[in-house]
Each structure stands twice: as structure tokens, then as C-alpha cells.
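Thanks for coming, everyone. Please have the sequence and the model open, and follow along as I go.

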Amino acid sequence: MTSENMPVELIEPEELRSSAARLLADKVDRRAPWSEEETAKSPDDLYGEMANLGWFMLTVPAENGGLGQNFAALAPIYEEMGRALSPLQISQTMAAIDILVADGGTDATALLDRIAEGSARVIVLEGDLPMQTVPEACKATTALLLPSDAHAQVLIIDMAQPGVTVENALTWDRSRRYGDVHLTGVASVALSLTVEEASRVVRGHADLAIAWDSVGGGRQALDEAVEYMGTRQQFGRPIGSFQALKHRAADLKVKLEIARALTEHATTAFSARRDDWSTLAGQARLLAVDAFRAIAEESVQFHGGIGFTWEHDAHIFLKRALMNEMIGGPPEKIRDRVASSIMSRALARQ
């Protein structure tokens with residue numbers, strides 16, 4: 001058996017979680033994007049550290065010089081990025097890796113090599129709109145374009161060429177960077193993979209990345225709210241001892257754990273490409289985002305008057321939750337996408 005055919009040993013998820021937590025604790029200041037002052041902790045420095053740790057090699061096949069892991073290796077990283085309110089969103093590049101691996105052609109392999117070494121940052125554009133708002137667009141070197149025709153081929157576009165314009169896009173969530181991408185008469189390289197094949201993978205990856213980010217953000221917001229309620233005193237005792245607040249916090253914890261369980265299940269299905277992986281990824285996203293929003297809204301209430309202030313972090317979690325809800329389309333759009341599959345399975349059981 002050659003080294004290329006040797007089975008790849010899966011990396012322990014908790015090792016990846018611990019490594020990610022340490023890096024993000026050192027490099028991320030979640031209040032920095034909300035401050036008018038310059039910060040020494042640049043998101044671009046963080047990207048370089050991620051590349052040095054091999055994050056962009058995780059799901060690249062071993063025969064391409066990567067670590068040969070599946071999506072399950074990214075789950076703890078996405079969750080810790082959510083907990084830290086990371087200013088970077090790497091899921092665009094990681095989803096692009098899924099497309100390039102599925103294609104396997106010469107051009108796809110060359111771009112994979114550049115991603116693995118950290119010299120390429122990729123965004124994914126869907127449809128034929130003249131302008132799209134995409135996370136991390138201002139720093140992207142390359143775009144994968146999925147035209148609206150499902151039978152068309154996926155296109156590679158060099159973002160440095162004339163005809164590509166990217167402008168900073170302001171949103172209510174400053175914790176991430178977004179850009180408006182305009183394409184006019186650009187040159188491209190066609191992959192052999194069709195849009196129909198690529199789009200399900202891109203959306204499934206994006207759904208799970210948002211789900212894990214929301215699980216992480218919800219967990220951190222709830223932990224901080226519970227800690228505050230254990231120290232804030234009213235009528236001579238911690239407010240966390242009040243039955244009404246305990247029940248509200250417990251309900252939120254249950255909501256989060258249910259979302260986490262479904263997200264773990266969907267991650268397993270996506271990693272193995274089981275028949276129902278696409279639907280499960282969409283369902284996990286809906287449940288996780290809903291839990292995160294509920295926790296973030298309640299956290300503002302749990303913190304009382306200070307929770308409504310600009311100086312407190314409660315609004316940062318809430319705005320991140322609201323943005324997660326809208327990335328790639330509102331919840332109604334996601335429900336429409338997964339509804340037919342859910343109904344078909346339900347009718348088949350009758």
C-alpha cells in the first residue's frame with residue numbers, strides 16, 4: 001500500500017478546539033471593531049496565524065499536501081470563532097476547498113495548493129447579480145462564481161483583474177468585514193464541475209458554519225449572562241437566585257443544547273455525505289440561529305440597564321446573531337429550501 005492510499009488518521013476535535021481557543025483568545029479583541037481607536041490586533045494577522053496552524057490544509061486531501069480531514073474537523077474551529085466573535089469568516093474559503101476537491105482538475109488543484117499555503121483567499125459568488133455582498137470580499141484574491149444556470153460550469157475569477165470592483169459594505173454587525181463585489185466583463189477559467197453539483201455543497205457548508213458560529217456565540221453569551229446573574233445583587237441576594245430568571249436561563253440552555261445536538265448530527269451527515277445531509281444542514285442552521293438570537297436578546301435583559309448600553313458587550317452578541325440570521329438569505333428562504341425534502345420524507349413514511 002502506497003503512502004497516498006494509507007488511511008488518514010482523524011485529528012482529535014478537542015485538540016483543534018483547544019488550539020483555536022488559545023489563538024482566538026490571544027488575537028481577537030471583540031470590542032476592537034466597535035472602537036474608534038486603532039487596534040494592534042489586525043484580522044489579517046489572525047489570518048496569517050490560521051494559515052500557520054494549518055487550518056486551511058485541514059480538508060485538503062493528503063494527495064494534495066493537505067491533512068485529509070472532513071468537515072467534522074472544522075466544527076470546533078467554527079464554534080470557537082463564534083464564541084470569540086472572530087472578525088474573520090473563513091467559511092467562504094473552506095467551502096471553496098470542498099468545490100475544488102470535488103472538481104479535481106488541474107486548475108482546481110493549483111488553487112487548492114495556493115489556499116493550503118495561505119496565499120489565496122477565496123470567496124464564493126452565486127447567481128448572475130451585478131453586485132453581491134460577501135464576507136471578506138475586500139481581502140479576497142480569487143472568486144468562485146456559480147452562475148444561475150444549474151448546468152453551467154463553476155468559474156474561477158482572479159479578483160486582481162480589471163472589471164472587478166470591491167467596496168467596503170457597512171452593516172449593523174461590525175464584528176465582521178463585508179464587501180460589495182461588482183463584476184464587469186471579467187475573464188474566467190471554467191472548472192469541469194457544474195453549478196448543480198457545487199451549489200448544494202456550498203450551501204451545506206455555509207449552513208453548518210453559521211450553525212456552529214451561532215452555537216458558539218450563544219454559549220458564550222449565555223455563560224456571561226449566568227455569571228453576571230451570579231454576582232449582581234438585588235434585595236441582598238444574587239439575581240440568579242430568583243426563580244423567574246433561573247427558569248428563563250434554563251429554557252435558553254435547553255434551546256441551545258437541542259440546536260447543538262442537531263448541528264452535531266448534521267455535521268456527521270455532511271461529513272459522510274449521507275442522503276439527508278443538505279436538509280439537515282439547513283435545519284441545523286435554522287435552529288442554531290434561532291437559539292443564538294433568543295439568548296442574545298435575553299442577555300440584554302438579564303444585564304438590566306447596563307445591558308442596553310454601548311459600552312457593554314451584550315449588543316455585540318445580539319448584532320452578530322441578527323447578522324447570522326440574514327447571511328445567505330433570511331430564515332424564510334432557508335425554510336423554503338428545505339421544506340420540500342422534509343415533506344417528501346414525511347409523506348414517504350405514511
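**Loops, helix pairs and the core**

Let me start in a loop. Arg 273 sits in the loop between α7 (243–272) and α8. A word of caution before going on: this is a predicted model. The phi of Arg 273 is near 55°, a positive value in a residue other than glycine. Most residues other than glycine have a negative phi.

Glu 136 has one of about 65°, and Glu 136 is not a glycine either. Find Glu 136 in the loop between β2 (131–135) and β3 (142–146). Its relative accessibility is 10%, so Glu 136 counts as buried, the cut-off being under 20%.

Now the helices. Two packed helices are described by the angle between their axes and the distance between the axes. Take α6 and α8 to begin with. Helix α8 covers residues 277–302, and its axis comes within 7 Å of the α6 axis. The two axes cross at roughly 25°. Angles under 35 degrees count as roughly parallel, so that is what α6 and α8 are to each other. Their crossing is left-handed. Which residue classes make up the contact of α6 with α8? There are 18 nonpolar, 7 polar and 3 charged residues.

Next pair: α1, residues 13–27, and α2, residues 43–52. Here the axes come within 11 Å and cross at roughly 160°. Over 145 degrees counts as roughly antiparallel, so α1 and α2 get that label. α1 passes α2 in a right-handed crossing. On the α1 side, the residues are Leu 23, Leu 24 and Lys 27. They meet Leu 46, Glu 49 and Met 50 of α2. By class, this contact has 4 nonpolar residues, 2 charged and no polar ones.

Leu 24 comes up again, this time with Glu 80. Leu 24 is among the residues that Glu 80 touches, setting aside residues up to four places away in sequence; the others are Arg 17, Ala 20, Ala 21 and Arg 219. Glu 80 belongs to helix α3, residues 75–84. At 6% relative accessibility, Glu 80 counts as buried. For scale, take Gly 307, 227 residues from Glu 80 along the chain. Their C-alpha atoms are separated by 23 Å.

On to α7, and Ala 259. Ala 259 has 0% relative accessibility and counts as buried. What is Ala 259 in contact with, leaving aside its neighbours within four places in sequence? Leu 287, Ala 288 and Ala 291. The C-alpha atoms of Ala 259 and Phe 302 are separated by 21 Å, and the two residues are 43 apart along the chain.

Last, the core. In soluble globular proteins, nonpolar side chains tend to be buried together. The largest nonpolar core here has 83 residues. Met 50, Tyr 78, Met 81, Ile 99 and Leu 144 have the most contacts inside this core. Which helix gives the most to it? Helix α6, residues 195–231, with 13 residues. Look at Tyr 78 in detail. Beyond its neighbours within four places, Tyr 78 is in contact with Phe 71, Ile 90, Ser 91, Met 94, His 205, Ala 209, Trp 212 and Asp 213. There is also a second, separate core of 12 residues, including Val 134, Ala 140, Ile 157 and Val 181.

Note on methods:
Residues are numbered from 1 along each chain as its sequence is written. This is a predicted model: local features need pLDDT of at least 70, side-chain atom pairs count only at pLDDT 80 or more; totals for chains, interfaces and linings use all residues. Side-chain values use heavy atoms; hydrogens and water are left out. A nonpolar core is a set of buried Ala, Val, Leu, Ile, Met, Phe, Trp, Tyr and Cys residues joined through side-chain atoms within 4.5 Å. Buried means under 20% relative accessible area, exposed over 50%, partly exposed in between (1.4 Å probe, protein chains only). Helices (H or I, at least four residues) and strands (E, at least two) are DSSP runs, numbered from the N terminus. Contact means heavy atoms within 4.5 Å. Axes are lines fitted to C-alpha atoms, for helices over the stretch in contact, and angles run from 0 to 180 degrees between N-to-C directions. Angles under 35 degrees count as roughly parallel, over 145 as roughly antiparallel, 65 to 115 as roughly perpendicular and the rest as oblique. A crossing is left-handed if the near helix is turned anticlockwise from the far one by less than a right angle, and right-handed if clockwise. Ala, Val, Leu, Ile, Met, Phe, Trp, Tyr, Cys and Pro count as nonpolar, Asp, Glu, Lys and Arg as charged, and the others, Gly among them, as polar.
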